[in-house]
Amino acid sequence: MAQAATSVIDWQAAGDEVIEHFRALLRLDTRNPPGNEIRAAEYLREMLEREGIACEIVGPTPERATLVARLSGDGSGQPILLMSHTDVVAVEPDKWTHDPFAAEIDDGFVYARGALDMKHMVTMELMTMVLLKRAGVQLKRDVIYMAAADEEVGGHQGAGWVATHRPDLIQAEYALNEGGGSEHEINGRRYFPVQTAEKGTARFRLRTRGRPGHGSQPHDDNAVLKLAAVLLRLRDQRLPVHFTASLRGFVEGIASAQPDDVAQALRAVLADEANADAAIDALPLDDSFKLGLRARVRNTVAPTILKAGSQINVIPSEAEASLDGRILPGWTPERFLEELRPILGDNVEIEFLEPSEPLEADPASPLFDVIKAVLQEHAPGATAIPTLLTGATDAKHMAPLGIKVYGFAPGLYDGPAEWNRIHGHDERCSVRSIQWGTRVLYEVVERFASGG
Ligand SMILES: [Zn+2]
C-alpha cells in the first residue's frame, strides 16, 4: 500500500543522501558544448547498480551519454518515465560569488551551474528510483529513469537520439520532466504551475531583395529598408488570440485563489478571444505576468538576428532577418505562415528552420489528480494549476512517441528573483527545497505507479 511503503522511509537520512548526490553531480563539469555527459551517466550508473537497479548507457558517441534505468511493474499499467537532462549551460565564473562547479552551501543554498536547470531533478528522480527499490514498492506501472545528454542545445544527441534510435527504452504513457512544479507567488497567493503544454518552435528567415548601388546615391528599392518595414509591422500588429485547454486551466486556476476583483478580471480574459488583449492590459497584476500571458495566448514571433551588407558605402542587394517563432499546441509551421502572411506581405522570402512540435497533455488526468493530492498534503493552501510553457524542453522529443509529458520538478518558493539565476549568475537551489521536492516527487510517483 502506498502509505505503508512511505512510512518505512527515513526522510531525515534520505534528505542527507539527496544533498550528497546533488553536490556530487553539480561538481561534474557537463557544460554543453561539449557536454561530456558520460561523467554524470557513470556516476548515476554506479549509484543505481549499487542498489541493484539495472541501467544502460546509450548515445551517438561515448561522451554524449544518456542513462536509462527501469523498475518493472506487474504490467497492469503503462510505464511512467522520469526524465531529466545532465548537461548545463556555460558560465562566466568571474560574475559568480561562488565557484560554479564547487557546489558550496551558503546560508541554506547550494550554489552551482545546473542547480535548478536541472541537476536538482536528476537527483530527485534518482532518489525516487532508489527509494522505490529499497521500499520494495509493488508497482503496477514500470518506472523508467532517463538522464539525458544535450538538452541545452536541442537534445538531438540526447533525448532526441533515444526517441529515434531506442524508443523501446523509454516508451511510456506519461512522463515527468522540467518546465513546472516550482512554487510561485502571484499577487500574494501561492501556486504550483505544472506544465501540461509547451509551445513548438517555428523559426524562420525572412529575406528581402532590392537593387544594389552606391551609398552616396540612395534609392527606395533598398533591401534593408524593405526588411525594416516588414519587421515594424510585426511590432504593430499582434497575432490573433487562441485559447488552449492548458491556458484556460492556468487562468481559471489562478483566479480560483484570488480575491473577487482580481478573479473577475482574470475571468474576463477568458470571456472572448477577440477581447483578451484588452482584458490582459487591464489586469491588476504585474507587468511580467502580463507579458507571459500575452505570449501564452497566441503564436509569437520575435526578430533576433539581422544580416545585411558588408561595406558602409554599398547598398546591399539583400537583407535577412532570423525570427524566433513559437507556435501553440495544435499548430504547424504551415498554418502559422498563413497567419503571418497578411502581416509580412508577399514581397519577402520565408525559409523555415528545423521546427519542433508543440505538445499538450490533458490538464485533467489521473496523474494530475495525484500531483494535486500530494501537493495538498505537503503545501497546504497552495493551488496546483496547469500551465503552458512558452519555451521548449526535451518534452518535444517525446511528442512523436505519444507520451503525455508533465513539467513537474517540485520545489519551494525561495524568493521572487530565483528564476533569473537559471542560465545566469549564481544559480542556486535551497537545501530545504530539494529535500522537500524529493519527498513530493517520490510520493507522486509511488502513488501513481503503484495505483494506490
Ligand atoms: Zn533544462
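**Salt bridges and pockets**

Modeller: Let's start with a count: there are 36 salt bridges. Keep in mind that this is a predicted model.

Colleague: OK, what do the side chains of R166 and E56 do?

Modeller: They meet in a salt bridge, at 2.8 Å from N to O. E56 sits in strand β1 (residues 55-58) and R166 in the loop between α5 (159-165) and α6 (167-170), so the pair ties together parts that are 110 residues apart in sequence.

Colleague: Which residue does R70 pair with?

Modeller: R70 forms a salt bridge with D142, 2.8 Å from N to O. R70 belongs to strand β2 (residues 66-71) and D142 to the loop between α4 (119-135) and β6 (143-148), so this pair links parts 72 residues apart in sequence. R70 is partly exposed at 28%, while D142 is buried at 14%, as the cut-off for buried is under 20%.

Colleague: What about R447 and E443, how far apart are they in helix α15?

Modeller: They are 4 residues apart in helix α15 (residues 431-450), which puts about one helical turn between them. R447 is buried at 15% relative accessible area, and E443 is buried at 3%. Elsewhere, salt bridges that share partners join R205, R207, R209, E318, E320, E349 and E351 into one network.

Colleague: Switching topic: what volume does the largest pocket have?

Modeller: About 1600 Å³. The largest pocket is lined by 48 residues, and G179, H184, R296, L389 and W419 lie nearest its centre.

Colleague: Which element gives the most to that lining?

Modeller: That's α11, with 5 residues. By class, the lining of the largest pocket has 18 nonpolar, 19 polar and 11 charged residues. Domain 1 (2-179 + 393-450) and domain 2 (201-352) each supply at least three residues to it.

Colleague: And where does the second largest pocket lie?

Modeller: Both domain 1 (2-179 + 393-450) and domain 2 (201-352) give residues to its lining, so the second largest pocket lies between them. It has a volume of about 360 Å³.

Colleague: How many residues line the second largest pocket?

Modeller: 15, with G154, T201, R203, S356 and K396 nearest the centre. The lining of this pocket splits into 4 nonpolar, 5 polar and 6 charged residues.

Note on methods
Residues are numbered from 1 along each chain as its sequence is written. This is a predicted model: local features need pLDDT of at least 70, side-chain atom pairs count only at pLDDT 80 or more; totals for chains, interfaces and linings use all residues. Side-chain values use heavy atoms; hydrogens and water are left out. On a 1 Å grid over the protein atoms alone, a cavity is a set of points where a 1.4 Å probe fits but cannot get out, and a pocket is an open set with protein on both sides within 12 Å along at least five of seven lines; lining residues have an atom within 4 Å of a point. Grid points are joined across faces, edges and corners, and a volume is the space filled by probe spheres set on the points. Helices (H or I, at least four residues) and strands (E, at least two) are DSSP runs, numbered from the N terminus. Ala, Val, Leu, Ile, Met, Phe, Trp, Tyr, Cys and Pro count as nonpolar, Asp, Glu, Lys and Arg as charged, and the others, Gly among them, as polar. Domain bounds come from an automatic or database domain assignment. A salt bridge is a side-chain nitrogen of Lys or Arg within 4 Å of a carboxyl oxygen of Asp or Glu. Buried means under 20% relative accessible area, exposed over 50%, partly exposed in between (1.4 Å probe, protein chains only).
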